[in-house]
Amino acid sequence: MSLQNYIDRINVINENIHKFSQNPKKIKLIGVTKTFSVEKIKTAINAGVKIIGENKVQDALAKFKEESFPGIERHYIGKLQSNKVNKVLDNFHFIHSLDREKIVKKIDNSKSQIKCLIEVNTSGEKSKGGVDPEKLENFILELHKYKNIQIVGLMTISPLTENKNEIRKSFKQLKGLLEVNKKNETDNIHFNELSMGMTNDYTIALQEGATMIRIGRGIFGSRK
Ligand SMILES: *Cc1c(COP(=O)(O)O)cnc(C)c1O
(Lines give C-alpha, C1' and ligand atoms only; values in the text may rest on other atoms or scores of the structure.)
Protein backbone atom coordinates (compact mmCIF):
# COMPACT_ATOMS: atom_id res chain seq x y z
CA MET A 1 0.00 0.00 0.00
CA SER A 2 1.27 3.47 -0.85
CA LEU A 3 1.44 6.48 1.43
CA GLN A 4 -1.56 7.91 -0.41
CA ASN A 5 -3.65 4.82 0.47
CA TYR A 6 -2.94 5.42 4.15
CA ILE A 7 -3.76 9.11 3.81
CA ASP A 8 -7.07 8.27 2.09
CA ARG A 9 -8.05 5.77 4.80
CA ILE A 10 -7.19 8.16 7.62
CA ASN A 11 -9.19 10.89 5.87
CA VAL A 12 -12.25 8.63 5.79
CA ILE A 13 -11.87 7.97 9.52
CA ASN A 14 -11.47 11.69 10.28
CA GLU A 15 -14.58 12.48 8.23
CA ASN A 16 -16.49 9.88 10.23
CA ILE A 17 -15.19 11.33 13.49
CA HIS A 18 -16.68 14.70 12.49
CA LYS A 19 -19.89 13.11 11.28
CA PHE A 20 -20.59 10.78 14.21
CA SER A 21 -18.98 12.25 17.33
CA GLN A 22 -20.55 15.02 19.40
CA ASN A 23 -17.07 16.13 20.39
CA PRO A 24 -14.73 15.47 17.45
CA LYS A 25 -11.83 17.43 18.94
CA LYS A 26 -11.70 15.07 21.91
CA ILE A 27 -11.29 11.91 19.84
CA LYS A 28 -7.98 10.08 19.89
CA LEU A 29 -7.42 7.78 16.93
CA ILE A 30 -5.28 4.81 17.90
CA GLY A 31 -3.73 3.04 14.93
CA VAL A 32 -3.66 -0.60 16.00
CA THR A 33 -0.35 -1.82 14.65
CA LYS A 34 -0.39 -5.42 15.96
CA THR A 35 0.87 -7.89 13.32
CA PHE A 36 1.91 -5.04 10.99
CA SER A 37 5.56 -4.37 10.11
CA VAL A 38 7.70 -1.46 11.23
CA GLU A 39 7.80 -0.34 7.57
CA LYS A 40 4.00 -0.13 7.40
CA ILE A 41 3.81 1.60 10.77
CA LYS A 42 6.28 4.24 9.59
CA THR A 43 4.20 4.88 6.49
CA ALA A 44 1.03 5.21 8.59
CA ILE A 45 2.84 7.69 10.83
CA ASN A 46 3.88 9.69 7.77
CA ALA A 47 0.23 9.66 6.76
CA GLY A 48 -0.79 11.18 10.10
CA VAL A 49 -1.11 8.43 12.74
CA LYS A 50 0.05 9.86 16.09
CA ILE A 51 -0.89 7.06 18.48
CA ILE A 52 -0.14 3.36 18.05
CA GLY A 53 -1.65 0.36 19.82
CA GLU A 54 -0.06 -3.05 20.36
CA ASN A 55 -1.49 -6.12 22.11
CA LYS A 56 1.54 -8.37 22.62
CA VAL A 57 4.47 -7.23 24.74
CA GLN A 58 7.08 -9.35 22.98
CA ASP A 59 6.05 -8.29 19.46
CA ALA A 60 5.82 -4.65 20.46
CA LEU A 61 9.27 -4.61 22.07
CA ALA A 62 10.83 -6.19 18.99
CA LYS A 63 9.37 -3.35 16.89
CA PHE A 64 10.36 -0.63 19.35
CA LYS A 65 13.91 -1.97 19.34
CA GLU A 66 14.05 -1.58 15.59
CA GLU A 67 12.37 1.84 15.56
CA SER A 68 11.58 4.04 18.55
CA PHE A 69 8.81 6.06 16.83
CA PRO A 70 9.78 9.39 18.43
CA GLY A 71 6.88 11.65 19.37
CA ILE A 72 4.36 8.84 18.92
CA GLU A 73 2.17 7.84 21.88
CA ARG A 74 2.19 4.08 22.60
CA HIS A 75 -0.90 2.32 23.96
CA TYR A 76 -0.94 -1.24 25.31
CA ILE A 77 -4.31 -2.83 24.48
CA GLY A 78 -3.63 -6.53 25.12
CA LYS A 79 -3.97 -8.92 28.04
CA LEU A 80 -1.77 -8.01 30.99
CA GLN A 81 0.38 -10.73 32.51
CA SER A 82 1.88 -9.81 35.83
CA ASN A 83 5.39 -10.96 34.85
CA LYS A 84 5.35 -8.55 31.90
CA VAL A 85 3.81 -5.51 33.58
CA ASN A 86 7.16 -3.81 34.18
CA LYS A 87 8.00 -4.06 30.49
CA VAL A 88 4.68 -2.44 29.65
CA LEU A 89 5.31 0.35 32.16
CA ASP A 90 8.73 1.03 30.63
CA ASN A 91 7.59 1.08 27.02
CA PHE A 92 4.05 2.46 26.84
CA HIS A 93 2.15 5.64 27.75
CA PHE A 94 -1.30 4.06 28.23
CA ILE A 95 -2.76 0.70 29.29
CA HIS A 96 -6.33 -0.12 28.18
CA SER A 97 -6.73 -3.52 29.79
CA LEU A 98 -6.56 -3.19 33.55
CA ASP A 99 -8.90 -5.79 35.09
CA ARG A 100 -7.24 -7.31 38.16
CA GLU A 101 -6.24 -5.88 41.51
CA LYS A 102 -2.96 -7.81 41.43
CA ILE A 103 -1.87 -5.74 38.43
CA VAL A 104 -3.19 -2.52 39.93
CA LYS A 105 -1.07 -3.17 43.01
CA LYS A 106 2.03 -3.72 40.89
CA ILE A 107 1.52 -0.51 38.94
CA ASP A 108 0.75 1.43 42.12
CA ASN A 109 3.92 0.14 43.81
CA SER A 110 6.01 1.10 40.81
CA LYS A 111 4.86 4.74 41.09
CA SER A 112 4.59 4.75 37.30
CA GLN A 113 2.50 7.60 35.94
CA ILE A 114 1.30 5.53 32.98
CA LYS A 115 -2.37 6.26 32.26
CA CYS A 116 -4.68 3.29 32.73
CA LEU A 117 -8.18 2.39 31.59
CA ILE A 118 -10.19 -0.34 33.26
CA GLU A 119 -11.40 -2.94 30.77
CA VAL A 120 -15.05 -3.94 31.21
CA ASN A 121 -16.44 -7.17 29.77
CA THR A 122 -19.71 -5.83 28.34
CA SER A 123 -20.14 -8.81 25.99
CA GLY A 124 -20.07 -11.52 28.64
CA GLU A 125 -17.79 -13.53 26.33
CA LYS A 126 -15.42 -15.70 28.38
CA SER A 127 -12.62 -15.38 25.80
CA LYS A 128 -12.45 -11.66 26.53
CA GLY A 129 -10.84 -10.03 29.54
CA GLY A 130 -12.37 -7.28 31.58
CA VAL A 131 -14.24 -6.72 34.81
CA ASP A 132 -17.83 -8.00 34.94
CA PRO A 133 -20.06 -4.86 34.61
CA GLU A 134 -21.94 -5.93 37.74
CA LYS A 135 -18.73 -5.97 39.74
CA LEU A 136 -17.20 -2.79 38.35
CA GLU A 137 -18.28 -0.39 41.05
CA ASN A 138 -16.98 -2.62 43.85
CA PHE A 139 -13.74 -3.09 41.94
CA ILE A 140 -13.34 0.69 41.70
CA LEU A 141 -14.07 1.14 45.41
CA GLU A 142 -11.41 -1.49 46.16
CA LEU A 143 -8.95 0.63 44.19
CA HIS A 144 -9.50 3.67 46.41
CA LYS A 145 -6.69 2.50 48.66
CA TYR A 146 -4.15 2.90 45.83
CA LYS A 147 -2.92 6.49 45.69
CA ASN A 148 -0.36 6.40 42.86
CA ILE A 149 -1.92 4.60 39.94
CA GLN A 150 -3.42 6.96 37.36
CA ILE A 151 -6.78 5.74 36.11
CA VAL A 152 -8.42 7.81 33.38
CA GLY A 153 -11.38 5.86 32.05
CA LEU A 154 -12.96 2.66 30.79
CA MET A 155 -12.43 0.38 27.79
CA THR A 156 -14.48 -2.37 26.19
CA ILE A 157 -14.47 -4.71 23.20
CA SER A 158 -17.92 -5.16 21.65
CA PRO A 159 -19.52 -8.61 21.29
CA LEU A 160 -18.57 -10.74 18.31
CA THR A 161 -21.76 -10.26 16.30
CA GLU A 162 -23.10 -8.58 13.16
CA ASN A 163 -26.05 -7.31 15.20
CA LYS A 164 -25.58 -3.55 15.43
CA ASN A 165 -28.10 -3.24 18.27
CA GLU A 166 -26.09 -5.64 20.41
CA ILE A 167 -22.93 -3.68 19.67
CA ARG A 168 -24.61 -0.36 20.45
CA LYS A 169 -25.94 -1.82 23.71
CA SER A 170 -22.42 -2.71 24.80
CA PHE A 171 -21.16 0.84 24.11
CA LYS A 172 -24.16 2.43 25.82
CA GLN A 173 -23.52 0.25 28.83
CA LEU A 174 -19.89 1.37 29.04
CA LYS A 175 -20.90 5.04 28.78
CA GLY A 176 -23.48 4.49 31.55
CA LEU A 177 -20.84 2.88 33.77
CA LEU A 178 -18.52 5.84 33.18
CA GLU A 179 -21.22 8.29 34.25
CA VAL A 180 -22.29 6.25 37.28
CA ASN A 181 -18.72 6.02 38.53
CA LYS A 182 -17.93 9.73 38.31
CA LYS A 183 -19.04 9.85 41.94
CA ASN A 184 -16.27 7.39 42.75
CA GLU A 185 -13.46 9.58 41.42
CA THR A 186 -10.44 10.35 43.62
CA ASP A 187 -7.29 12.45 43.15
CA ASN A 188 -5.80 9.71 40.98
CA ILE A 189 -8.89 7.89 39.67
CA HIS A 190 -10.89 9.69 36.99
CA PHE A 191 -13.54 8.69 34.49
CA ASN A 192 -13.13 10.83 31.39
CA GLU A 193 -11.95 8.50 28.64
CA LEU A 194 -14.03 5.87 26.86
CA SER A 195 -11.98 3.52 24.68
CA MET A 196 -14.43 1.72 22.41
CA GLY A 197 -14.86 0.99 18.72
CA MET A 198 -12.71 -0.86 16.19
CA THR A 199 -12.72 -1.01 12.37
CA ASN A 200 -16.16 -2.61 12.09
CA ASP A 201 -17.98 -0.64 14.75
CA TYR A 202 -16.21 2.65 15.46
CA THR A 203 -18.96 4.82 13.93
CA ILE A 204 -21.42 3.35 16.45
CA ALA A 205 -18.89 3.89 19.25
CA LEU A 206 -18.46 7.54 18.22
CA GLN A 207 -22.23 8.06 18.37
CA GLU A 208 -22.28 6.56 21.85
CA GLY A 209 -19.56 8.80 23.25
CA ALA A 210 -16.21 7.13 22.55
CA THR A 211 -13.16 9.34 23.16
CA MET A 212 -10.63 6.77 21.90
CA ILE A 213 -11.16 4.53 18.89
CA ARG A 214 -8.83 1.62 18.14
CA ILE A 215 -8.49 0.96 14.44
CA GLY A 216 -6.25 -1.63 12.79
CA ARG A 217 -7.62 -2.99 9.51
CA GLY A 218 -9.33 0.28 8.68
CA ILE A 219 -5.88 1.85 8.36
CA PHE A 220 -3.55 -1.04 7.48
CA GLY A 221 -5.81 -3.38 5.53
CA SER A 222 -6.59 -6.98 6.45
CA ARG A 223 -4.27 -9.09 8.58
CA LYS A 224 -2.80 -12.25 7.12
C1 LIG B 1 -6.97 -5.92 17.16
C2 LIG B 1 -7.59 -4.99 18.12
C3 LIG B 1 -8.20 -3.81 17.68
C4 LIG B 1 -8.28 -3.40 16.21
O5 LIG B 1 -9.07 -4.28 15.48
P6 LIG B 1 -9.41 -3.97 13.93
O7 LIG B 1 -10.58 -4.81 13.67
O8 LIG B 1 -8.20 -4.34 13.15
O9 LIG B 1 -9.70 -2.52 13.83
C10 LIG B 1 -8.75 -2.97 18.63
N11 LIG B 1 -8.72 -3.27 19.95
C12 LIG B 1 -8.14 -4.39 20.41
C13 LIG B 1 -8.14 -4.65 21.87
C14 LIG B 1 -7.56 -5.28 19.52
O15 LIG B 1 -7.00 -6.41 19.98
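Reader: Which residues does Asn121 touch, leaving out those up to four places away in sequence?
Author: In this predicted model, Asn121 touches Lys128, Gly129, Gly130, Val131 and Pro133, not counting residues up to four places away in sequence. Asn121 itself is found in the loop between strand E5 (115–119) and helix H6 (136–142).

Reader: What does the side chain of Asn121 reach?
Author: The side chain of Asn121 reaches the backbone oxygen of Lys128, at 3.2 Å, and Lys128 is also among the residues that Asn121 touches.

Reader: And does Asn121 count as buried or exposed?
Author: Asn121 counts as buried, because its relative accessibility is 12% and buried means under 20%.

Reader: Switching to the ligand, which residues are around it?
Author: The residues around the ligand are Val32, Lys34, Ile77, Met155, Ile157, Met198, Thr199, Arg214, Ile215, Gly216, Arg217 and Arg223.

Reader: Now the core: which members of the largest nonpolar one touch the most other members?
Author: That core has 61 residues, and those touching the most other members are Leu98, Ile107, Ile118, Ile151, Leu154, Ile213 and Ile219. The largest share of this core, five residues, comes from helix H7 (residues 164–180).

Reader: What is Ile151 in contact with, beyond its neighbours within four places in sequence?
Author: Leaving those neighbours aside, Ile151 is in contact with Leu98, Cys116, Ile118, Leu143, Asn188, Ile189, His190 and Phe191. There is also a second, separate core of nine residues, which includes Ile30, Val32, Ile51 and Val152.

Reader: Where is Ile51, then, and what does it touch?
Author: Ile51 sits in strand E2 and is buried, with a relative accessible area of 8%. Not counting residues up to four places away in sequence, Ile51 touches Lys28, Leu29, Ile30, Gly31, Ile72, Glu73 and His75. The C-alpha atoms of Ile51 and Leu29 are separated by 6.8 Å, although these two residues are 22 residues apart along the chain.

Reader: Which residues of helix H3 are buried, and why do they line one face?
Author: In helix H3 (residues 57–66), the buried residues are Val57, Ala60, Leu61, Lys63 and Phe64. Seen down the axis of H3, these buried residues fall within an arc of 160 degrees, so they line one face of the helix.

Reader: What covers that side, and what is on the face turned away?
Author: The cover over the buried residues of H3 includes helix H2 (38–46), strand E2 (51–54), strand E3 (73–76) and helix H4 (85–91). The face turned away from the buried side carries the exposed residues Lys65 and Glu66.

Reader: Last topic, backbone angles: what is phi for Phe69 and Lys111?
Author: Phi is near 50 degrees for Phe69 and near 65 degrees for Lys111, and most residues other than glycine have a negative phi. Phe69, in the loop between H3 and E3, counts as buried at 3% relative accessibility. Lys111, in the loop between helix H5 (101–110) and E5, counts as exposed at 54% relative accessibility.

Definitions and conventions
Residues numbered from 1 in each chain as written. Predicted model: local features only at pLDDT ≥ 70, side-chain atom pairs only at ≥ 80, totals over all residues. Heavy atoms only, no water. Buried < 20%, exposed > 50% of the residue type's maximum accessible area, 1.4 Å probe, protein only. Helix = DSSP H or I, 4+ residues; strand = E, 2+ residues; numbered from the N terminus. Arc of directions from axis to C-beta. Contact = heavy atoms within 4.5 Å. Near = heavy atom within 4 Å. Core = buried A, V, L, I, M, F, W, Y, C linked by side-chain atoms within 4.5 Å. Polar contact = N/O pair within 3.5 Å; in protein donor to acceptor, adjacent residues only side chain to side chain.
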